[in-house]
Amino acid sequence: MLRWLVALLSRSCFVSQGGSMFYAVRKGRQTGVYRTWAECQQQVNRFPSASFKKFATETEAWAFVGAGHPGGQQSVPTETRGASAVAQENASQREELETDVLCCNACKRPYEQSTDEEHSVKRAKHDEGHSAPLVSEDKFSYMGDFAVVYTDGCCSGNGRNRARAGIGVYWGPGHPLNISERLPGRQTNQRAEIHAACKAIEQAKSQNIKKLIIYTDSKFTINGITSWVENWKTNGWRTSSGGSVINKEDFQKLDSLSKGIEIQWMHVPGHAGFQGNEEADRLAREGASKQKL
């Protein structure tokens, strides 16, 4: 039966749908939402009682995944439709108008331990002069050739004088690189999200990881680094409407760190009840409670 379902879905994915599809895995080797059938098939093929489905929207896909977790169907934030990229960019820049956000989640997938033998070629050879100690290969989770990490930023009293922001980076259960830190400088949720991603990339480079998947619920961070930043640089670090880029220094740091490493940015909805999500949220909240450096 499973082979028949896999074959049926495989054939259907070649039919033009007028846009990209989202493949939801509710039960498989790694639950989550995938952008290609090939990635989805890796998680469900020959997996006992696998549960998966194809959707036209990311929101529907995550709702399907969430329904398979304790607590039933999870609410997924709806996305703004029909807004232009310029309008989205300008709206995201108005940090002073943000509501009081306690914390945002980023981690959405459970971990799958990898063996030394399977992933011995995933990282580049360690440079002798490198000061950071390498973490054992089996401590990392991989998706294909890519190491997987989840990042989160949070801020209580966001936009207020007494705001407290923190960052969380989650590599897996008990992982030595898991980070919980207070955000330095200006305390905002958007800065925390950016700096959490920066920290993850710094850690990946310290481990000579060359390919990295970063899961974050911050569309602002993803859009900024994958789309807007090139336009900002072309415009002399001005937005499409001519305004100042509020988080200029933060995005400059993220842009610089992103060089020399292949990164896939993956968006996931926040507060959906997934293990990694909860752990990154916990780390970020703990970081916000620490003293400012």
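**A chat about helices and rings**

Modeller: Happy to! In helix α7, residues 248–257, the buried residues are D250, F251, L254, D255 and L257. They span an arc of only 165° around the axis, which puts them on the same side of α7. Keep in mind that this is a predicted model.

Colleague: Nice. And what do the buried residues of α7 pack against?

Modeller: They pack against α5 (189–206), α6 (219–234) and β9 (262–267).

Colleague: Let's look at α5, then. How many of its 18 residues are buried?

Modeller: 15 of the 18 are buried, so α5 is largely enclosed by the rest of the structure.

Colleague: And how far does α5 reach from its first C-alpha to its last?

Modeller: It reaches 26 Å, close to the 26 Å expected at 1.5 Å a residue.

Colleague: Is N208 buried or exposed?

Modeller: N208 has a relative accessible area of 6%, so it is buried; the cut-off for that is under 20%.

Colleague: Changing topic: how many aromatic pairs does the structure hold?

Modeller: It holds 10 aromatic pairs. Take F220 and W228: their ring centres are 6.2 Å apart and their planes are at 65°, so this pair is edge-to-face.

Colleague: Why does that angle make it edge-to-face?

Modeller: Because planes over 60 degrees apart count as edge-to-face, and the planes of F220 and W228 are at 65°. Both F220 and W228 are buried, too.

Colleague: Which aromatic cluster do they belong to?

Modeller: F220, W228, W232, W237 and F251 form one cluster.

Colleague: Where is W237 found?

Modeller: W237 is in the loop between α6 and α7. Its phi is near 60°, a positive value in a residue other than glycine. At 14% relative accessibility, W237 counts as buried.

Colleague: Last one: which residue lies over the face of F64?

Modeller: That's R26, at 3.9 Å from the ring centre.

Note on methods:
Residues are numbered from 1 along each chain as its sequence is written. This is a predicted model: local features need pLDDT of at least 70, side-chain atom pairs count only at pLDDT 80 or more; totals for chains, interfaces and linings use all residues. Side-chain values use heavy atoms; hydrogens and water are left out. Buried means under 20% relative accessible area, exposed over 50%, partly exposed in between (1.4 Å probe, protein chains only). Helices (H or I, at least four residues) and strands (E, at least two) are DSSP runs, numbered from the N terminus. The arc is that of the directions from the helix axis to the C-beta atoms. Contact means heavy atoms within 4.5 Å. The expected span of a helix is 1.5 Å times one less than its number of residues. Rings of Phe, Tyr and Trp (its six-membered ring) pair if their centres lie within 6.5 Å; planes under 30 degrees apart count as stacked, over 60 as edge-to-face and the rest as tilted. A charge sits over a ring if NZ of Lys or CZ of Arg is within 6 Å of the ring centre and within 35 degrees of the ring normal.
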